[in-house]
Amino acid sequence: MADKNDEKTGGAKAWIGALALCTLVAVGTGAGLGLYLMTSVEKAVDQKTREAQEHEKAAKVLNYTGDLTLRSVGSVVTNLAEPADSWIRLESSVVFKTGSLPTPDITVAEIKADIIAYLRTLSTAQIEGASGLQHLREDLNERVSLRTKGAIRELIVEALVVQ
């Protein structure tokens with residue numbers, strides 16, 4: 001009978017020892033996984049913080065700095081080449097370095113005449129959609145740059161209506 005009690009207590013001790021060992025392995029694995037996840041989350045947060053700081057620095061860079069002037073070209077209304085009964089209204093402004101144009105009013109009037117002449121050659125299909133608007137902006141900027149020999153930095157399209 002004493003042997004059976006020793007077997008039972010020996011079996012129970014072995015079972016408790018196995019449970020204790022499994023518990024220690026589980027605690028060690030949990031702690032290791034927790035540390036791994038904590039460091040990976042910290043790295044991700046640090047990277048996001050660095051990206052946000054770089055984005056703030058990039059956002060602070062201005063396209064136009066220094067001694068620049070913005071002059072309105074005004075509203076241009078003309079008909080398009082095709083279809084003949086369609087009309088276009090374009091409002092724009094030009095950006096140039098102050099003092100780079102000897103007579104800015106005359107230059108703006110010449111630019112306005114160039115814009116009218118160019119718009120009369122367009123069809124509605126050429127200015128449809130985002131890509132059409134982008135091509136129109138690029139073409140107008142190129143014409144303005146040629147007219148002023150590079151004195152004007154950019155022509156800004158403020159409003160465009162086609163009827």
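**Reading the model**

Guide: Begin with the secondary structure: the protein chain has 3 helices and 3 strands. Please keep in mind throughout that this is a predicted model. Along the sequence, the elements of the protein chain follow the pattern α-β-β-α-α-β.

Visitor: What share of the 163 residues in the protein chain is buried?

Guide: Burial is judged by relative accessible area, and a residue counts as buried when this is under 20%. In the protein chain, buried residues make up 21% of the 163 residues. The protein chain exposes about 11600 Å², of which carbon and sulfur atoms supply 59%.

Visitor: Among contacts with a separation of 6 or more, what percentage comes from residues 24 or more positions apart?

Guide: Contacts can be sorted by the sequence separation of the two partners. Among the contacts in the protein chain with a separation of 6 or more, residues 24 or more positions apart account for 72%.

Visitor: Which residues does the UniProt annotation "transmembrane region" cover?

Guide: A record can be set beside the model. The UniProt annotation, from an unreviewed entry, places a "transmembrane region" at residues 14-38. In the model, the span of residues 14-38 is 100% helix and 0% strand, and its end C-alpha atoms lie 36 Å apart. The annotation itself may be inferred rather than shown by experiment.

Visitor: How many cavities of 30 Å³ or more are counted?

Guide: A cavity is a space where a probe fits but cannot get out. The count comes to 1 cavity of 30 Å³ or more, and the largest cavity has a volume of about 40 Å³.

Visitor: Which residues line the largest cavity?

Guide: The lining consists of Ile111, Asp114, Ile115, Leu140, Arg143, Val144 and Arg147. Both α2 and α3 (129-148) supply at least two residues each, and α3 gives the most, with 4 residues.

Visitor: Is Lys149 buried or exposed?

Guide: A residue counts as exposed when its relative accessible area is over 50%. Lys149 has a relative accessible area of 78%, and is therefore exposed.

Visitor: Where does Gly99 lie?

Guide: Gly99 lies in the loop between β2 (87-97) and α2 (104-119). Because its relative accessible area is 67%, Gly99 is classed as exposed. The C-alpha atoms of Gly99 and Leu68 are separated by 9.0 Å, and the two residues are 31 residues apart along the chain.

Methods. Residues are numbered from 1 along each chain as its sequence is written. This is a predicted model: local features need pLDDT of at least 70, side-chain atom pairs count only at pLDDT 80 or more; totals for chains, interfaces and linings use all residues. Side-chain values use heavy atoms; hydrogens and water are left out. Buried means under 20% relative accessible area, exposed over 50%, partly exposed in between (1.4 Å probe, protein chains only). Contact means heavy atoms within 4.5 Å. Accessible areas come from the Shrake-Rupley method with a 1.4 Å probe; for residues, only the protein chains shown count as cover. On a 1 Å grid over the protein atoms alone, a cavity is a set of points where a 1.4 Å probe fits but cannot get out, and a pocket is an open set with protein on both sides within 12 Å along at least five of seven lines; lining residues have an atom within 4 Å of a point. Grid points are joined across faces, edges and corners, and a volume is the space filled by probe spheres set on the points.
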